[in-house]
Every structure is written in structure tokens, then in C-alpha cells.
Amino acid sequence: MKWQDRQRSSNVRKGSKANSGFGGSPRRSGPIFIPRGGKGGLGSIIFILIIMFLLKGISGIGSDINNTNNQNMDNPKQYQNQSTDQANARDTLEDFLSVVLKDTEDVWHAKFEEMNAEYVEPTMVLFEESTRSACGVASSDMGPFYCPIDESIYIDVDFYRQLKNQFGAGGDFAFAYVLAHEVGHHVQNQLGILDKTSKLRQTLPTKEYNKYSVAQELQADYFGGLFAFYVEQKGYLDPGDIEEAMDAAASIGDDRIQEMSGRNVNVDTFTHGSSSQRKEAFDLGYKYHDINNSMVFFENIN
Ligand SMILES: [Zn+2]
């Protein structure tokens, strides 16, 4: 994606660290996938694998991660260099996400104008380790998520420390898709969709509610595809960007995650949709790029 030297969103803030052991269970809505297990558990490993997948093609990620863990103590100078690299990578990631957020603002302002409505921009909170959101404490072992109460998207940048200077090569549209998906939840919030599904959460049995959860996630993936269409129109995409985003969507399907964690694939427990559904939802959004067609996921619930 072409993002260097482009305008950034002004709706970015840094999250201050939350005190540990406080905050209870978060009522966050719509993480891009559900991480399993606690810190250091299987969930974290899967999340790391997913991020590594997202950044595939970038050399040396596996070895960088090992270096960070094992060699810091032995060689203080190397540690210092690594810290500088990590800080640079973090800054680059922040720049990148800020530009993508601005792109989402432009796209959604235009789409809402078509409906004679006003788009209210969300805030993006970038944090390290943990921070407080209106939906509870956000921590590193969660994926990126959207909190409808404070209308903010929470992304842990600390997680990307290991990834060093990967974004120097020109960014990665897989990450843009991740952010566009979370912005999709904000759009759902403004359209009143999140309200409706959260009411169903209280009234329906889990198995039935999960179908609405899947529809909601697929619509957010559709909005990711819609976003991709418009940034491509503006000439900001590089060859292969669309495929990267679609691979990313497929990589975080519920079936794929269940398989990776060694569990049986059980459709009734899906909350985000299968790999093929997520990929298809992104593709539909890219193809139709309108809001009306995105309602198909809810209409198809039986
Ligand atoms: Zn989501």
C-alpha cells in the first residue's frame, strides 16, 4: 500500500497503562477474532502465528522473535540496537495505521453522505501491554477490538515490537484490512446494528446468537472489502494488496483457528465465520461496495 508522506488521521491517541488486576471482564465488541487462553497460552501463540502469517514474505520474523527473547541479557549493546529498531518499527506502524485510519474516514464520510447522514469518526487508541477502555481493560493478549461505548478502536502496538522494520518496505495491506474491519464495527454502531445484536445476545440461546455474531463479523469483513475498493480507486494499492487482505481474512476464520488449536471444528461455536465465509465477505464488499448489499449476512440467517 502507498502510505508514506500521506495525511494522517487526527483521531489517534496513546492509551495509558492500566493497573493490573482491575477492570473485570471487558464488554468489548467484535474483536477481529477471539483469542483463546490467557497470556502466554495457546491464544497468544495462535495470535503470534496469525500476525506472522499476515506479515509473510517479510524476511527473518521467526529469528527476530528468538533474538528478542534470548540475547538481550548477553549483549547489552545489541539490546540497545534492538530497542531502537523496535521503537522505529512501532513508530512506523503508528504512522501506517494513522494514514489508513484517515483513509477509512474519507471513505465513510463519502458513503454516509450518500445516505444524507453524517459519519462520526472513531478514535484509535494505540497502547502497550494494557490500557483502560470503556469496555474494560484492554491487554496484549486480546486481538484488536472496537469498544462501542467510547467509540474507540484498541490496538496493541507492543505486540508488533518483534516485527522491527517490516513496514519500511512499504506497508502491508493485511494490517489495513484488520483496521478497516474494526472501523466496520464502528460503522455498524452508527447504523444501529451493534445495538440490535447485543440485545439478541441477552435473549437468544448461545447457539442462535452465534449466528448473528457471525453475520456481524462477516459484515465487518464486507466493509473491509468496501474500503479496499475505494482505496484502490484512489490509486493507493500495490499489486497483490487485495490478495493479501483476502488471505488475512481466511487465516482468521473460526474453522482455521479451531484446527490450529487442536480442537474439532464445530460450526455452532463459530462467532466470526469460517475462512471461506470471511474471504467471500471481503470479496463481496470489494465487488459491490455499498451498504445495502452488506445486509445479506443478516438476511441469510435461518
Ligand atoms: Zn470483528
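**Close-up 1. Lys-2 and Asp-238 pair up in a salt bridge**. The closest N and O atoms of Lys-2 and Asp-238 sit 2.6 Å apart in this predicted model. Lys-2 is in the segment before β1 (12-14) and Asp-238 is in the loop between α6 (206-233) and α7 (241-251), so this pair ties together parts that are 236 residues apart in sequence. Lys-2 comes out as partly exposed at 39% relative accessibility, and Asp-238 is partly exposed too, at 27%. A salt bridge here is a side-chain nitrogen of Lys or Arg within 4 Å of a carboxyl oxygen of Asp or Glu, and by that rule the count is 10. As for burial, buried is under 20% relative accessible area, exposed is over 50%, and partly exposed is in between (1.4 Å probe, protein chains only). Helices (H or I, at least four residues) and strands (E, at least two) are DSSP runs, numbered from the N terminus.

A quick note on the model: it is predicted, so local features need pLDDT of at least 70 and side-chain atom pairs count only at pLDDT 80 or more, while totals for chains, interfaces and linings use all residues. Residues are numbered from 1 along each chain as its sequence is written, and side-chain values use heavy atoms, with hydrogens and water left out.

**Close-up 2. Lys-17 meets Glu-129**. This salt bridge spans 3.3 Å, N to O. Lys-17 belongs to the loop between β1 and α1 (42-54), and Glu-129 to the loop between β2 (123-127) and β3 (130-133); the pair links distant parts of the chain, 112 residues apart. Lys-17 is exposed, with a relative accessible area of 55%, whereas Glu-129 is partly exposed at 41%.

Close-up 3. Where the Asp-106 side is partly exposed at 31% relative accessibility, Lys-102 counts as buried at 15%.

**Close-up 4. The zinc ion and its three protein donors, His-181, His-185 and Glu-217**. The ion is coordinated by NE2 of His-181, NE2 of His-185 and OE of Glu-217, at 1.9 to 2.1 Å. Along the chain, the donors follow the spacing H-x3-H-x31-E. His-181 lies in helix α4 (residues 173-190) and Glu-217 in helix α6, so the pair ties together parts that are 36 residues apart in sequence. Both His-181 and Glu-217 are buried. Donors are N, O and S atoms within 2.8 Å of the metal (3.2 Å for Na, K and Ca); water is not among the atoms, so sites may look incomplete.

**Close-up 5. The hairpin of β3 and β4**. Two residues sit between these strands. Strand β4 covers residues 136-139 and runs antiparallel to β3, joined by four bridges. One place to look is Ser-130, whose bridge partner in β4 is Ser-139. Two strands count as paired if DSSP finds at least two bridges between them.

**Close-up 6. Positive phi at Asp-5 and His-289**. Most residues other than glycine have a negative phi. Asp-5 has a phi near 60 degrees; it sits in the segment before β1 and is exposed at 86% relative accessibility. For His-289, phi is near 35 degrees, and this residue lies in the loop between α9 (275-288) and α10 (291-294).
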